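Keep the structure open while reading.

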Amino acid sequence: MKRILLICLSVLLLSMTAQARKQKDFSVLYWNVQNGMWSDQGNNYDNFVKWVKKHDPDVCVWAECKSLYVTGTEERLEPEERYLPDNWDKLAARYGHKYVYMAMHRDNYPQVLTSKHPIKGMAQIGGDPSEVVVAHGAGWIQVEVGGKVINVVSFHAYPMKYKYGTPVEQRAASAARHEGDAYKAAEAKYVCDHTIFTSEHPENEYWIMCGDFNSKSRNDNHFYKLADDDPTFQCQDYMNNHTPYIDVIARLNPGVFCTTNRGSGRPDYMFCTQPVYEALVKAFVVNEKWTLPKKVEGTGFWAPSDHRPIYLEFKL
């Protein structure tokens, strides 16, 4: 009897330890889902919901989360036929997230942040025309878990090679001067100035910034083999050299190229501050059968997206 009691007590303690460990972990999932998860909308998003539930993140950051086209085609949906972004609350509820926050939304490529936990919306960031317009916008939320405040910032950088707002007849010259790359760096700086740098000591706090930065990092130049002064590094040079952020995927995989698109680039990044990095449980690009980009014939799109997700988990 004594032995049975000891075994039962051990099992109970192991169970309690596992539960405590689970409660102390916090996870963020980021993905550019291309046209509002275009490839799964005709399936009522069932594959998408099942996949998110499997990873069970605390916070999700979705880029390009607007319905634009009929499934499997490039035929435009009428405005009244577009399920997203207006119904992200209903979609998020299906994978267990009650709280939804829309980043600054000025075009067809909005970002949405969803959460299991109550959200404090800190800022919808669209820039200032007198300084820099953040073309696709950005968002910042705070989530408090276990007495800890976690800041999550979303950002989708300007994609073009020419400067934002350049007249059509001047775009080739602007692109030749690499003004689009300089503009991406200016956007990133503006977003950081209005998020992480509003704190006096962000290096001691939990900050995560993720998004499609549409830029290359010299951390990957072992793969790109570009000149050291290549202008496409400008945005990532700012993030790596002028902020407290750590490029998580690059830091964890030195000398390894971890593509986040169709295989030729890493436009998507997950950054975190040192306290998050020191508490990491795991962080990786999600290369699962369903998430790998597959070309959809007859269109310029991929299924389920032309980007791959990034997952990060750390202990509080």
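Lys 98 counts as exposed because its relative accessibility is 70%. Here buried means under 20% relative accessible area, exposed over 50%, and partly exposed in between, with a 1.4 Å probe and protein chains only. Lys 98 sits in the loop between α4 (88–94) and β3 (99–102). Its C-alpha atom is separated by 7.5 Å from that of His 117, 19 residues apart along the chain.

The model is predicted, so local features need pLDDT of at least 70, side-chain atom pairs count only at pLDDT 80 or more, and totals for chains, interfaces and linings use all residues. Residues are numbered from 1 along each chain as its sequence is written, and side-chain values use heavy atoms, with hydrogens and water left out. Helices (H or I, at least four residues) and strands (E, at least two) are DSSP runs, numbered from the N terminus.

**Backbone**

Most residues other than glycine have a negative phi, and most peptide bonds are trans.

| Cis peptide bond | Omega |
|---|---|
| Leu 84 to Pro 85 | about 15° |
| Ala 303 to Pro 304 | near -5° |

Pro 85 lies in the loop between β2 (59–63) and α4. Pro 304 lies in the loop between β13 and β14 (310–315).

Positive phi comes next. Asn 35, in helix α2, has phi near 55°. Asn 35 is buried, because its relative accessibility is 5%. His 178 has a positive phi of about 60° and lies in the loop between α5 (171–176) and α6. At 36% relative accessibility, His 178 is partly exposed.

**Helix α6**

The 15 residues of α6 should span 21 Å at 1.5 Å a residue, and its end C-alpha atoms are 21 Å apart, which agrees. The expected span is 1.5 Å times one less than the number of residues. Buried residues of α6 include Gly 180, Tyr 183, Ala 188 and Cys 192. Where do the buried residues of α6 pack? They pack against β5 (119–128), β6, β7 (148–156), β8 (206–212) and α8 (234–242); contact means heavy atoms within 4.5 Å.

**The largest pocket**

The largest pocket has a volume of about 930 Å³. A pocket is an open set of points on a 1 Å grid over the protein atoms alone, where a 1.4 Å probe fits, with protein on both sides within 12 Å along at least five of seven lines. Lining residues have an atom within 4 Å of a point. The lining holds 36 residues, and Tyr 158, Pro 159, Met 160, Asp 212 and Asn 214 lie nearest the centre. α2 (34–37), β6 (132–145) and α6 (179–193) each supply at least two lining residues.

**Aromatic pairs**

The whole structure has 27 aromatic pairs. Rings of Phe, Tyr and Trp (its six-membered ring) pair if their centres lie within 6.5 Å; planes under 30 degrees apart count as stacked, over 60 as edge-to-face and the rest as tilted. Trp 38 and Phe 301 are edge-to-face, at 5.1 Å centre to centre and 65° between the planes. This pair links parts 263 residues apart. Trp 38 is buried at 0% relative accessibility, and Phe 301 is buried at 13%. Phe 223 and Phe 257 are stacked, because their ring centres are 3.8 Å apart and their planes are at 0°.

Notes:
Points joined across faces, edges and corners; volume = space filled by probe spheres on them.
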